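Dear colleague,

Please find below the structure that I am handing over to you. My findings follow directly after it.

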Amino acid sequence: MPLVDVATALARAAVTWEDLGWLRDAWHGAIVVKGVLTGDDARRAVDAGAAAVVVSNHGGRQLDGVPASLRALPDVVKAVGDRVEVLMDGGIRRGSDIVKALCLGARAVLVGRAYAYGLAAAGEAGVTRALEILRADMERTLQLLGCPAIAKLDPSFVDARP
């Protein structure tokens, strides 16, 4: 293998807003921008043609000092309003985590870790079971909150102070 200067390789691989513009010109289908952590970036993504944004810190493994996705979510939701769908990724371990994200304005959450663990443990049956566990925990959380349906969730169910 050739010796590679990692810093140079990373700099060349960095994705820019110009790249999103190029993608928008080349692809006329929906584009979802993942890794959004600020309202300003969310607006910029929407202005560049994103159909949806995913609030994500990539599990904190890219930069360990960035905010948790759940903390960034309200700012992003406020910034884009109802112009696009806002999804959230990162930190989803239980059904109550899904409920928190929905309360703070996420349209949906990504649950890659849950199905990856289920797949590793028991294949397709494990994925099915992992999703069943999340769903049951989410339903239990709604019951404990006294909330009759997901559609009735709103920020009043969580304490979202900074």
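I begin with one residue and its surroundings. Beyond its neighbours within four places in sequence, Ser96 is in contact with Asp137 and Thr141. Ser96 belongs to helix α5, which covers residues 95-103. Its relative accessibility is 18%, and Ser96 counts as buried because the limit for that class is under 20%. Please bear in mind throughout that this is a predicted model.

As to the overall architecture, the protein contains six helices and four strands. Their order along the sequence is α-α-β-α-β-α-β-α-β-α. The C-alpha trace spans about 55 × 40 × 35 Å along its principal axes. Of the 162 residues, 33% count as buried. Where contacts join residues at least 6 apart in sequence, 48% of them link residues at least 24 apart.

The surface and the charges may be described briefly. The accessible surface amounts to about 10500 Å², and carbon and sulfur atoms account for 57% of it. The protein carries 19 positive and 19 negative charges, whose mean positions lie 5 Å apart.

I turn next to the interior. In soluble globular proteins, nonpolar side chains tend to be buried together. Here the largest nonpolar core has 34 residues, and Val55, Leu73, Met88 and Ile98 are those with the most contacts inside it. Two or more residues of this core come from each of β1 (32-36), α3 (39-47), β2 (52-56), α4 (69-80), β3 (85-89), α5 and α6 (112-145). Helix α5 supplies the largest share, namely five residues. Leaving out residues up to four places away in sequence, Val55 touches a series of residues, among them Val36, Leu37, Leu73, Val76 and Met88.

Finally, I would draw your attention to Arg24, which lies in helix α2 (residues 17-26). Is Arg24 buried or exposed? Its relative accessible area is 19%, and Arg24 is therefore classed as buried, the cut-off being under 20%. Apart from residues up to four places away in sequence, Arg24 touches Gly29, Ile31, Ala48 and Gly49. Which backbone oxygens does the side chain of Arg24 reach? One belongs to Trp27, reached by the Arg24 side chain at 2.5 Å, and another belongs to Gly49, reached at 3.0 Å.

Yours sincerely

Terms used: Residues numbered from 1 in each chain as written. Predicted model: local features only at pLDDT ≥ 70, side-chain atom pairs only at ≥ 80, totals over all residues. Heavy atoms only, no water. Buried < 20%, exposed > 50% of the residue type's maximum accessible area, 1.4 Å probe, protein only. Contact = heavy atoms within 4.5 Å. Areas by Shrake-Rupley, 256 points an atom, 1.4 Å probe, with all protein chains shown as cover. Lys, Arg positive; Asp, Glu negative; His and termini not counted. Charge placed at Lys NZ, Arg CZ, Asp CG, Glu CD. Core = buried A, V, L, I, M, F, W, Y, C linked by side-chain atoms within 4.5 Å. Polar contact = N/O pair within 3.5 Å; in protein donor to acceptor, adjacent residues only side chain to side chain.
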